[in-house]
Amino acid sequence: MRRTEAARELGGFVREHRTDGSRRLRLAGALLVTGVVGLAFGVPVTIASVGTTDGAPELAGLLLGVGLVGLGLGIWRLTQALRAREQCFDVHERGLTHRVAGTATLIPWRDIEGIGSASAGDGRPLAEARGTGFGFAIELRDARKIRVDTFTEDARELAATIHRAVSLGEFPQGRGRRP
């Protein structure tokens, strides 16, 4: 669905919030490489440390742990990146357009229950790079949820816009003529 068709149904276009899918893929790749390297070193160290009680079993456990966690998180981020490729949220006067991989879903403000599961932000180092900074869920009246995380540009502004429109009745104003 083209933006102009959505604008007819949801009013004037206000702004767009794109999700950085390439950043998700880069993170998935880094995690997968970390996992593979951890396992590549961990398995031989584990085999070599059988029957010893020196520091080798602890090192083997550390390497295997890093490898398995890296592999698991990498697969999770890769799946997330593939499922939500080309994701974008278009804010209109009377709702949102949620675009993912060439399909668009129109979501009028009345179909949104509210913002749920919002995280204030992870203060740990590199939280934004890992995608664990600010995040929230758009809760729809049909019990579906659309998750938004730090990979979406200006996610805090998107959450504030949705909250104002749904909870306070303060709808955003679009540009140009009104349909």
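Mentor: One term before we count. Helices (H or I, at least four residues) and strands (E, at least two) are DSSP runs, numbered from the N terminus. And keep in mind that this is a predicted model.

Trainee: Fine. How many helices and strands does the protein have?
Mentor: Five helices and seven strands.

Trainee: In what order do the elements run?
Mentor: Starting at the N terminus, α-β-α-α-β-β-β-β-α-β-β-α.

Trainee: How many of the 179 residues count as buried?
Mentor: 37% of them. As for contacts between residues at least 6 apart in sequence, 60% link residues at least 24 apart.

Trainee: Let's do the helices. What is the reach of α2?
Mentor: α2 covers residues 21–48, so to speak 28 residues, and spans 41 Å from first C-alpha to last. The expected figure is 40 Å, and the model is close to it.

Trainee: Which residues of α2 are buried?
Mentor: Gly-21, Arg-24, Leu-27, Ala-28, Gly-35, Gly-38 and Gly-42.

Trainee: Where does UniProt put the "transmembrane region" annotation?
Mentor: On residues 25–47 and 59–76, according to an unreviewed entry.

Trainee: And what does the model show there, helix or strand?
Mentor: Residues 25–47 are 100% helix, with end C-alpha atoms 33 Å apart. Residues 59–76 are also 100% helix, and their end C-alpha atoms lie 26 Å apart.

Trainee: Where is Trp-76 found?
Mentor: In helix α3, residues 56–83.

Trainee: Why does Trp-76 count as partly exposed?
Mentor: Because its relative accessibility is 47%, and partly exposed runs from the 20% limit for buried to the 50% limit for exposed. The C-alpha of Trp-76 is 7.8 Å from that of Ala-28, although the two residues are 48 apart along the chain. Ala-28 is one of the buried residues in α2.

Trainee: Switching to strands. What is the order in the open sheet?
Mentor: β1-β2-β3-β4, four strands with antiparallel pairing. β1 (13–18) and β4 are at the edges with a single partner strand each, so one side of each has no neighbour in the sheet. On average, neighbouring strands are turned by 20 degrees against each other, direction ignored.

Trainee: What packs on that sheet?
Mentor: α5 does, touching β1, β2 and β3. The direction of α5 makes about 140 degrees with that of β1.

Trainee: How many bridges pair β2 and β3?
Mentor: Five, in the antiparallel sense. In one of them, Phe-89 has His-98 in β3 as its partner.

Trainee: And how many join β3 to β4?
Mentor: Six, between residues 95–100 and 103–108. Val-100 has Thr-103 as its bridge partner.

Trainee: Last topic, the inside. How many residues are in the largest nonpolar core?
Mentor: 18. Leu-96, Ile-112, Phe-136, Ile-138, Leu-158 and Ile-162 have the most contacts inside it. β2, β6, β7 and α5 each supply at least two residues. The largest share, five residues, comes from α5.

Trainee: What is Leu-96 in contact with, beyond its neighbours within four places in sequence?
Mentor: Its contacts include Leu-10, Val-91, Trp-109, Ile-112, Ile-138, Leu-158 and Ile-162. Asp-90 and Thr-105 are also among them.

Notes: Residues are numbered from 1 along each chain as its sequence is written. This is a predicted model: local features need pLDDT of at least 70, side-chain atom pairs count only at pLDDT 80 or more; totals for chains, interfaces and linings use all residues. Side-chain values use heavy atoms; hydrogens and water are left out. The expected span of a helix is 1.5 Å times one less than its number of residues. Buried means under 20% relative accessible area, exposed over 50%, partly exposed in between (1.4 Å probe, protein chains only). UniProt positions are given in the numbering used here, feature names are shortened, and annotations may be inferred rather than shown by experiment. Two strands pair if DSSP finds at least two bridges between them. A nonpolar core is a set of buried Ala, Val, Leu, Ile, Met, Phe, Trp, Tyr and Cys residues joined through side-chain atoms within 4.5 Å. Contact means heavy atoms within 4.5 Å. Axes are lines fitted to C-alpha atoms, for helices over the stretch in contact, and angles run from 0 to 180 degrees between N-to-C directions.
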